[in-house]
Amino acid sequence: MLKNLATTTRDNARTPMQWDNGPNAGFSSVKPWMPVNPNLHTVNCSTESSDPKSVLSFYKRMIQIRKLFPVLVHGKYRDISPDNQLIYAYIRVDSTYTALIILNFSNDEKWISFPEVKAIKRVVASNMDRNKIEDGKIHMRVWESIVGIIE
């Protein structure tokens with residue numbers, strides 16, 4: 001039971017905020033009520049702020065993209081992959097843009113084909129460095145996500 005609780009409890013998300021790699025991860029000058037995660041030397045705000053490929057940098061880019069393309073927040077939603085258990089794809093539409101969002105929730109690379117893929121004018125966000133679109137299909141790597149704008 002304790003082993004299961006160690007992986008399923010919310011306490012893992014309640015550890016002290018890791019601001020830097022200093023004592024107590026920069027969270028406090030005294031010992032925090034919960035132990036600091038041992039990964040504090042590589043996963044902390046200071047380190048991630050200077051890494052353009054970090055999770056923090058990705059979130060910052062996604063916030064900027066949401067501001068640039070209000071369709072991602074306020075556009076009408078349409079699921080285009082309702083029967084696919086591993087690929088989640090949907091369209092958001094407003095008076096200015098149409099956005100196509102595709103997420104690969106599998107451990108396999110996949111070539112994805114939707115009619116909307118052919119109309120992608122530009123990929124504005126992805127959690128990977130590259131995207132490959134050929135003949136109306138998009139190559140999705142393992143756990144990749146893509147936000148494309150159809151203008």
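Predicted model: local features only at pLDDT ≥ 70, side-chain atom pairs only at ≥ 80, totals over all residues.
Close-up 1. Arginine 92 belongs to strand β2. Arginine 92 is buried but forms no salt bridge. The nearest side chain of opposite charge is that of aspartate 94, 8.7 Å away.

**Close-up 2. Strand β2 and its pairing with strand β1.** Strand β2 spans residues 87-93 and is mostly covered, with five of its seven residues buried. Strand β1, residues 76-79, pairs with β2 in the antiparallel sense over four bridges. Within this pairing, lysine 76 stands opposite valine 93 of β2.

**Close-up 3. The hairpin of strands β2 and β3.** Strand β3 covers residues 98-104 and pairs with β2 in the antiparallel sense, over seven bridges. Isoleucine 91 has leucine 100 in β3 as its bridge partner. Four residues lie between β2 and β3 in the hairpin that the two strands form.

Close-up 4. Tryptophan 33 is found in the loop between α1 (2-8) and α2 (45-49). Its relative accessibility is 62%, so tryptophan 33 counts as exposed, the cut-off for exposed being over 50%.

Methods:
Residues numbered from 1 in each chain as written. Heavy atoms only, no water. Buried < 20%, exposed > 50% of the residue type's maximum accessible area, 1.4 Å probe, protein only. Pairing = 2+ DSSP bridges. Lys, Arg positive; Asp, Glu negative; His and termini not counted. Salt bridge = Lys/Arg side-chain N within 4 Å of Asp/Glu carboxyl O.
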